[in-house]
Amino acid sequence: MVRIHKVEELIFPNEETPLLKKPPTPVPWAQVWILLFIHSTVAFTLHVIDPFTPEFVRNVGITNGDESRVGYYVGLMQTIYYATHALTILHWSRLSDVVGRKPIILIGLFGLSLSMYSFGLSTTYWGAILSRCLHGSLNANSGVIKSIAVEITDSTSLPHVFAYMPAAWSTGSTVGQLIGGLLSRPADRFPNTFGNSQFLMKYPYFLACAVPATFSALVWVMNYAFLRETVPSPAPLRRLLKKQMRPLSAEIPESDVAERPYPLRRLMTRRVVVLAVINYGTLSLVEVSYVAIQPLFFSTPVNRGGLGLDPPAIGKILACFGILNSIFQFTCFSRANALWGTKRVFIGGLLCAIPVYVLFPVMNVLARAYGVGQTVYSTIALQVIFGCGLSLCHGCINIYISAASPNHASLGATNGLAQLVMSIMRTIGPAISTSLFSLSVAEGYLGGGLVYTVFISISLLVVAFGTTLPRQVWQS
């Protein structure tokens, strides 16, 4: 049986909490692996389109052949997912505190599968946008699985689980970007196999999207069969739908009033909002902007400020980053967290954002001087290393967010609030970064380096704000 721990046991020492260091509690790996599959599926479906999005935007004719407008439309496609996600994530997360985690996860996996099939069948830009809206509005899985992770672990084993979370995300991103790069336009790329398929010639990105869509459906079956509910006495979803006007907390049994979900206004404390949630948001802004700029930079011609790489090359680079990041998170996070502490690892990871942005213009200068060869790829490898360091921040901030929850029954709402702020920042980030990239390319501000100067400055501010986090996480 999976033991369900109360948040108070994890976070707040009291008379019954041992003062000596506790021995590590065994991790319930059977359930954890299911959570990791869900997490990787979200990343798989989210990032499979990354390698071919600029090409898709060019091919559907929305830019009318204007290369400088590609960045705007790529940014909108990335932004719209997080915008719709922000509108729904808090509601789904709060609902999971009442009806249970499992129903919300199953709804999310269904949405992932449906939206990816829809994207693959899109032949217009606005059809693809509609698919991304569906993707964002139905998917609350990332926040919900973090709540489950806290509920099935304690303070000694939670860092080990959170070490695997970024690795699972990187694995899903890697596979997605590799699939997106290799299977887009299969009729052109593999004429001997798919050259006679009129369907794949009409829908050149369907095969790349169908793979994660089908995988999501298989993960849905696995979760339906094996995922265990962690919310005590969840209210049936069917009964709740018949009582739409009642507050969600009213569905919690009267037997334990202390374990009712807190109203949203009671979550608006300094520890939850300022220290945990906003730090998560600023981290998301810095990272998602880097992720949005990277494929756009790789695909932009050298004389326009990029590297001029094709989708297969971009997919391979992003896949290599994902593989290395998975290994790095898996092998280093829990050890670094135990050795240096959560706050120091978090600040160190944030500092890695600065060289990540510095290396973009450096790569273009090297490409202009020496061509896209060994020197440029060595610089890409260095950027990948710093990107892995930045990814360490996710495990750290997830620990802080879990510690900030006022009680067990509000864990979903606390994670939902964090995901809401993250989604807002990830809505803003791609829009700002890709628009600034296009503006820098079109107008040549600061030699085309305006976008990098802006985000280096933002990264410095984010590091400064990160110092507001407490040094000791598990103490009140």
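**Close-up views of a predicted model**

**View 1. The two cysteines Cys332 and Cys388.** Cys332 is partly exposed, with a relative accessible area of 27%, where buried stands for under 20% relative accessible area, exposed for over 50% and partly exposed for the range in between (1.4 Å probe, protein chains only). Cys388, in turn, counts as buried at 5% relative accessibility. The structure holds zero disulfides, a disulfide being a pair of cysteine sulfur atoms within 2.5 Å. For Cys332 the nearest cysteine sulfur, that of Cys388, is 9.2 Å away, and Cys388 is likewise in no disulfide. This is a predicted model, in which local features need pLDDT of at least 70 and side-chain atom pairs count only at pLDDT 80 or more, whereas totals for chains, interfaces and linings use all residues. Residues are numbered from 1 along each chain as its sequence is written, and side-chain values use heavy atoms, with hydrogens and water left out.

**View 2. The largest nonpolar core, around Phe297.** This core has 121 residues, and those with the most contacts inside it are Phe297, Leu307 and Phe346; a nonpolar core is a set of buried Ala, Val, Leu, Ile, Met, Phe, Trp, Tyr and Cys residues joined through side-chain atoms within 4.5 Å. Helix H4 (residues 70-99) gives the most to the core, with 14 residues, helices being DSSP runs (H or I, at least four residues) numbered from the N terminus. Leaving aside neighbours within four places in sequence, Phe297 is in contact (heavy atoms within 4.5 Å) with Gly305, Gly306, Leu307, Phe360, Met363, Asn364, Phe437 and Tyr452.

**View 3. Helix H17 (residues 353-370).** The 18 residues of H17 reach 26 Å from the first C-alpha to the last, close to the 26 Å expected at 1.5 Å a residue, where the expected span is 1.5 Å times one less than the number of residues. H17 bends by about 25° at Leu359, with Pro361 following within four residues; the bend is the angle between axes fitted to the seven residues ending at a residue and the seven starting there. Among the buried residues of H17 are Leu359, Phe360, Met363 and Asn364. Just after H17, Gly371 takes a positive phi of about 80°.

**View 4. Confidence along the protein.** The pLDDT, the predictor's confidence in each residue from 0 to 100, averages 83 for the protein, and 87% of the residues score at least 70. Confidence is lowest in helix H1 (residues 7-11), at a mean of 46, and highest in helix H12 (residues 206-226), at 95.

Conventions:
Helix = DSSP H or I, 4+ residues; strand = E, 2+ residues; numbered from the N terminus.
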